Amino acid sequence: MPGPNPAERLVALAADHADKAEADRQPTPEVAQAVRETGFARHFVPARWGGTQGTFRWFLDTTAEVAAADPSAAWVASIAASLGRMAGFLPEAGQRAVWAGNPDALVVGALLPGGEATAATGGWLLSGRWAFVSGIDHADHALLCCPVPVNGDGREVRFLLVPRSAYEIERTWFTVGMRGTGSDTLVLAEQVFVPYEHSFAREALLAGRPEASEAHCHRVPLKSVSGLSFAAPALGALDGALTAWTASQAARRAARAGGLGMSGDTAVTEELALARAAGETDAARLLLTRAATDADEGRPDAAATARAQRDHALAVDLLVAAVDGLLRSSGTRAQHESEPLQRYWRDVHAAAGHAVLRWEPAARAYAASRLESR
């Protein structure tokens, strides 16, 4: 018999708390705790700290499963795992600061450079603001991207670790989609000292060259997997959207059978919309599954990384088309705030807007890799 599904409780809580998370614009404490209990925070943590150092396939499938209940909860879970993977690039002392005695420590972060760092003995003094830090209210640590002075006049972009006690939160997350992710702004109003051992170079993350980890999940170049973090919630959102659409259309068909309905042409239009959206979702799942499996089975070279980037972006384009078709075929009723389909539609579009999922850069990188190999 199959074992218990570790995500089952999180899925149930995410569904029950979705409306409150959207209204509060952040995940509820119960959902945040369930994210930890399901294993997202420890999923990419090295085994020597009690972590799973797990697979990208589990990450994709389980994030999508949660997203079918609430894409915002899945986004927060995805970030918990992804930032846990990033923390694996810290030197030994930095990893100890995060995980000593607690492999489920929740790390959040800012991926774009911001703030200001000045040199100090043994490290840097860091201050500034970083926007779009998903799940910030429930974190234990944050990894902040910042250009820092090195070797006198030199500069290097690094990620610097700060504890929860060091920063304040500014409420700036007022968006159309992914409202329940709590992606507010982190503020270091005063300078915070960050020792060198609590930082790592962005280049190491991009190349998949951690200083103090032998886990395969840390040896994968960032661009081979970064799109999965944001595509996985969109994939699961389509599963939820298809379920909501099917239930709504079944009710409408029952009403039509009772003499309250429309023409047979309407039924055909609905069937075509369902078939296309389901097919586009299946195609996106195949692309993302291949990308995750490739990352698990080897260390992607430049060509494989370019293909993965292409597949992340193309998959999300397919998911956007799928959810657009479902909403368009559902009539005005589906756009009411009480209808679940419009929330999935908003959340998919919000996910698709992430910079790592833009089609043109991914397509050009893929084309260049193919043309240069001839």
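Residues are numbered from 1 along each chain as its sequence is written. Because the model is predicted, local features need pLDDT of at least 70 and side-chain atom pairs count only at pLDDT 80 or more, while totals for chains, interfaces and linings use all residues; side-chain values use heavy atoms, with hydrogens and water left out.

The protein chain has 11 helices and 8 strands; these are DSSP runs numbered from the N terminus, with helices being H or I of at least four residues and strands E of at least two. The radius of gyration, taken over C-alpha atoms, is 22 Å, close to the 21 Å that the globule rule gives for 374 residues, so the chain is as compact as a globular protein of that length. The globule rule is 2.2 Å times the number of residues to the power 0.38. Along its principal axes the C-alpha trace spans about 80 × 55 × 45 Å.

Strands of a sheet pair through backbone hydrogen bonds, either parallel or antiparallel. Here two strands are taken as paired if DSSP finds at least two bridges between them. Strand 1 pairs with strand 4 (residues 141-150) in the parallel sense over 4 bridges, and the bridge partner of G109 in strand 4 is L143.

Strand 3 takes part in two antiparallel pairings. With strand 2 (residues 116-120), strand 3 is joined by 5 bridges, and A117 stands opposite L126 in strand 3. The hairpin of these strands has 2 residues between them, and G122 takes a positive phi near 85°. With strand 7 (residues 184-195), strand 3 pairs over 8 bridges; G123 stands opposite P195 in strand 7.

The open spaces come next. On a 1 Å grid over the protein atoms alone, a pocket is an open set of points with protein on both sides within 12 Å along at least five of seven lines, whereas a cavity is a set where a 1.4 Å probe fits but cannot get out; lining residues have an atom within 4 Å of a point. Grid points are joined across faces, edges and corners, and a volume is the space filled by probe spheres set on the points.

The largest pocket has a volume of about 1,400 Å³. Of the 49 residues that line it, L111, F230, H354, A355 and V356 are the closest to its centre. Several elements each supply at least two lining residues, including strand 1 (107-110), strand 3 (123-133) and helix 9 (302-329), but the largest share, 8 residues, comes from helix 7. By class, this lining has 30 nonpolar, 14 polar and 5 charged residues. Ala, Val, Leu, Ile, Met, Phe, Trp, Tyr, Cys and Pro count as nonpolar, Asp, Glu, Lys and Arg as charged, and the others, Gly among them, as polar.

The second largest pocket holds about 170 Å³ of space. Its lining has 1 nonpolar, 2 polar and 7 charged residues, and helix 10 gives the most to it, with 4 residues.

The structure also holds 2 cavities of 30 Å³ or more. The largest cavity, of about 40 Å³, is lined by V76, I79, A80, L106, V107, V108, S134 and G135. Helix 4 and strand 1 each give two or more of these residues, and the lining divides into 6 nonpolar, 2 polar and no charged. The second largest cavity has a volume of about 30 Å³, and its lining has 2 nonpolar, 2 polar and 4 charged residues. E22 and R343 are among the residues that line this cavity, and E22 and R343 are also among those lining the second largest pocket.
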